[in-house]
Amino acid sequence: MHGGARSTDRIALLDELTRKVLWLSSWMIHNANHIRPNIDGVKVGGHQASSASMAAMLSVLYFAVLRPEDRVAVKPHAAPAFHAIQYLFGKQTREKLEAFRGYGGAQSYPSRTKDTDDVDFSTGSVGLGVAQTLFSSLVQDYVRAHGWGLNRPEGRTIALVGDAELDEGNIFEALLEGWKQGLRNCWWIIDYNRQSLDAVVREGLKRRFESVFQAGGWDVVTLKYGRMMEAAFARPGSEQLR
């Protein structure tokens, strides 16, 4: 089998895994809000849109890209998708998925102390997990500069960030510190889906974000419009859709 065929098979497999992750995360939220007994009748919630918009990115990272030395701060509102992936890895139980957002169940936001699956950074206070990845990368450089751990490979610290999460000021304080200290080996992936519990993210804010990161010395890559969307743009009347 030549390389192109292997690549095609791998993408098809990742697509199937993504669909499974999306189904499991949607089921967790639906079960918590509509099937599981609810004595007080209070809405449980679960951020289904946030999980859906991160399902593919999380699946590609965890099933194909991450190395043992890498560490990830998962977007807090995408916790159901993260728990679904950990379930497929055998690091989370069905019982905890069924008790999502309930007593003893998988947590609303990934937690190192309360979750049993493989959480690198607790991200329950929105914005803090993002900054942790930057400072963790700087600490890794500090340790290696002192000659410690040189026999171990350098890890990447990766933050999966909601666009509305960039309202948090500590993120931009971290950006400046990263510029001052020569930040390396750190990825921030911004999920620009324009959805927020408070409002729709303002039109044009993406360009502002790009300029802020570029001013901080970051390499900015924009991924927009996948193959299905490009195919839709090729159809008659697609200008309205675009």
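This is a predicted model: local features need pLDDT of at least 70, side-chain atom pairs count only at pLDDT 80 or more; totals for chains, interfaces and linings use all residues.
Residues are numbered from 1 along each chain as its sequence is written. Local features need pLDDT of at least 70, side-chain atom pairs count only at pLDDT 80 or more, totals for chains, interfaces and linings use all residues, and side-chain values use heavy atoms, without hydrogens and water.

**Exercise 1.** Work out the strand order of the open sheet and find what packs on it.

*Solution.* 
- Step 1: The three strands run in the order β1-β2-β3, with parallel pairing. Strands are DSSP runs of E, at least two residues; helices are runs of H or I, at least four. Pairing takes at least two DSSP bridges.
- Step 2: β1 (71-73) and β3 (186-191) each have a single partner strand, so one side of each lacks a neighbour in the sheet. The twist averages 15 degrees from one strand to the next.
- Step 3: β1 pairs with β2 (residues 157-162) over three bridges, in the parallel sense. V72 stands opposite I158 in β2.
- Step 4: Helix α2 (residues 48-65) touches β1, β2 and β3, at about 150 degrees to β3. Contact means heavy atoms within 4.5 Å. Angles run from 0 to 180 degrees between N-to-C directions, with axes fitted to C-alpha atoms, for helices over the stretch in contact.
- Step 5: Helix α5 (residues 128-145) lies across β1, β2 and β3, at about 160 degrees to β2.
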